Amino acid sequence: MSLASCVRDVVNPQSMNCTPPIWPDYIGVTVPVDIAPMNFNILDDESGYVTECVDVVARGSKGGELHVQGEYADFDVDEWHELTRRNKGGAIVFSVCVYSDGKWRKYDDFTMYVSSYPLDDYGLTYRRIAPGYESGGDIGIYQRDIHSFDESAILSETAVPGQCMNCHTANRCSATQYLLHMRGGKGGTLVENGGAHKLLNTKTDSTKANCGYSYWHPDGRYIVSSINSIHQCFFVGKDRRIEVFDTMSDVLVLDTETDELVLCPLLQTDDWETYPVFSADGKTVFFSSAAPHDLPVDYDKVRYSMCRIAFDETNATFGETVDTILSADEQGKSFTYARPSYDGRWLMYNVTDFGNFPVNHTEADLWLMDLRTGQTRRLDEVNSDDSDSFHNWSSDSHWFVFSSRREDGMYNNAYIACVDDEGKVTKPFILPQKNPLKHYRESLDSYNCPDFTKDKVRMNARQIGKEIMDDHRTRVTVR
C-alpha cells in the first residue's frame, strides 16, 4: 500500500553524473550474507529537490535482481537474503533513479560487496541510553537480530526502576554465559552461567570498590575485573563536554565456582590498572596502567600504557612480571580498551591523547596489533573525525562492531566491519534499520558497548529484576 502512491515509470531520466545522495552511506561497504536488508533513504540535495519517489534496481554480479520503488529503498527480507547468498564473494550493483520536481534523475551506479566470510552470530547486544548524565532514566540492555530488524529488551529500567546497569558482557559471544553489573543503591553483579544465575556483592574489606570492567576467561570459570573509583567533570564551552576519570583502580580475578576474588600484588599497586581482558588462550591478561595524578586538575596529563601479565588457570595464579607492550611515556598517547580476537591473531585497542574513557574523546581511534609479529597500525579504513570506541569481535573473529559518534558528535551508533586473514579491513556500515533515516533521526538513544551474541539471550527479566530490587546478594570473599 505504501508503494501505491509511488508507482511510476522511469521515463527519460536526466543523468546526474554522480553517485546518489543516499543515507546511510552504503557505497562501497562489504556486508555478510543474510545481513538485514541494507535499506537506504535519499537525502534532499542542495538544489532544493525534494524526493517524491525513489526507484532502485539491485543486480548481483553472480546473478539475481531486485527492483523496489517507494519513499525509500525498502527490500524484502527473504528476497534480500537470497540475493546475498547468490552473490557471496561477489558484488551487488545498485542503479538509483529519483523522481522530484516533476522529472526523473538518474545517478551513477554504486557497488556493495558481499563477503566470503560468514557472519552466523544471531545479533548484537548493546545498552541503549540517552547521551545525558543523569542517574537511572529510560535505560536498558537490548538485543537485535542482525539478520532482520527484530529488537527486544534483555533487561530494562522498567524491571529495575531507578537503577543503572552496564552492558551484557558475554564469554566469546555466548548467550548463556554472561554478566551484568548493576550500579547505585541496588548495586551488584549478575553472573549467568549455563542456565543458573546468581547475584554477587563483590566489595570486600580487602578491596576498595565493586567489580567494574570485566572479561571472561575462555574456560568460563574465571572473570578478570577492574575495581574503579569513577568520577566525572564537566566543561564550559563548545570544545569538550565531559571527562570521565578514575582516582583509583586495580585488577583482580573472580572465581565463579567459589565466589572468591584472587588478588595479585603486581595489580594492586599505587598505579591505576584498568580494562583487563584475557587473551584468546586464557594464558595472558592484557590491561592498561597509568601513574597517579592530581585529578581533576591534571586530567589531561594521565596517559595509560598497554601491559600484560601471565595467568595460570590451573591454580589461578599470576606471573611474576608485568610487561609493557605500548608505552605511554615513549609515545605520548593513552592506550586502552584492549580486545583480543578469539582466534588469537589480533589485538584491537583505542588510542587517545590522554585519559581512559575514549568514548568522550573526539580523537579516539581504533588500532590493530598483529599478535604474531607485534606490528600495529591505525585503522584508517574505519576511523572518523569523532570518537570511535567500544569495539568487540564476532565469534569467528572476521567481523567486529564498534560505536561511533561520526554522524552528529552526540549519539553513539553501532558500526560493523570485516577483517580478512591478512588484517585488511573493509569500510564499516551502520547497523541497518527498516527506515534508517526515520529511525536514527527519531531515536533519542545511543548504542553503547555493542557486542555480538551467537544466539538470542533469554533472560527472565521480571524474576531477575525482583531479585535485584530485593537485595538478594552473595558476598564474595578473598582467597
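Which strands make up the open sheet of five strands, and in what order? The order is 18-19-20-21-37, and the pairing is mixed. Keep in mind that this is a predicted model.

**Stop 1**

Select 211-216 and 477-478. These are strand 18 and strand 37, the edge strands of the sheet. Each of them pairs on one side only.

Next, select residues 222-234 and 242-255. You now have strand 19 and strand 20. They run antiparallel to each other and pair over 13 bridges. Show the side chain of histidine 231. Opposite histidine 231 stands phenylalanine 245, in strand 20.

**Stop 2**

Move to residues 140-145, which form strand 11. How many of its six residues are buried? The count is six of six, so the strand is mostly covered, with buried meaning under 20% relative accessible area. Turn on the side chains here. Gly140, Tyr142 and Arg144 point one way. Ile141, Gln143 and Asp145 point the other way. Residues on both sides are buried.

Find threonine 125: it stands opposite glutamine 143 of strand 11.

Return to glutamine 143. Its bridge partner in strand 12 is serine 152. Strand 11 and strand 12 form a hairpin, and five residues lie between them.

**Stop 3**

Most peptide bonds are trans.

Select tryptophan 23 and proline 24. A cis peptide bond joins them, with omega about 0°. Proline 24 sits in the loop between strand 2 (22-23) and strand 3 (30-31).

Now jump to leucine 295 and proline 296. The peptide bond from leucine 295 to proline 296 is cis as well, with omega near 10°. Look on either side of proline 296: its loop runs between strand 23 (284-290) and strand 24 (305-312).

**Stop 4**

Most residues other than glycine have a negative phi. The next two selections have a positive one.

Pick asparagine 12. Its phi is near 45°. It lies in the segment before strand 1 (14-15). Is asparagine 12 buried or exposed? Asparagine 12 is exposed, with a relative accessible area of 72%.

Then pick asparagine 17. Its phi is near 55°. Asparagine 17 belongs to the loop between strand 1 and strand 2. Asparagine 17 is exposed too, at a relative accessible area of 62%.

**Stop 5: the whole chain**

Zoom out and select everything. The protein chain holds four helices and 37 strands. Its radius of gyration is 24 Å, close to the 23 Å that the globule rule gives for 479 residues, so the chain is as compact as a globular protein of that length. Along its principal axes, the C-alpha trace spans about 80 × 50 × 45 Å.

Color by burial. Of the 479 residues, 56% count as buried. Switch to a surface view. The chain exposes about 20,300 Å², and carbon and sulfur atoms supply 45% of that area.

Finally, color by charge. There are 47 positive and 73 negative charges, and their mean positions are 2 Å apart.

How values were computed
Residues are numbered from 1 along each chain as its sequence is written. This is a predicted model: local features need pLDDT of at least 70, side-chain atom pairs count only at pLDDT 80 or more; totals for chains, interfaces and linings use all residues. Side-chain values use heavy atoms; hydrogens and water are left out. Buried means under 20% relative accessible area, exposed over 50%, partly exposed in between (1.4 Å probe, protein chains only). The radius of gyration is taken over C-alpha atoms; the globule rule is 2.2 Å times the number of residues to the power 0.38. Accessible areas come from the Shrake-Rupley method with a 1.4 Å probe; for residues, only the protein chains shown count as cover. Lys and Arg count as positive and Asp and Glu as negative; His and the chain ends are not counted. The place of a charge is taken as NZ of Lys, CZ of Arg, CG of Asp or CD of Glu. Two strands pair if DSSP finds at least two bridges between them.
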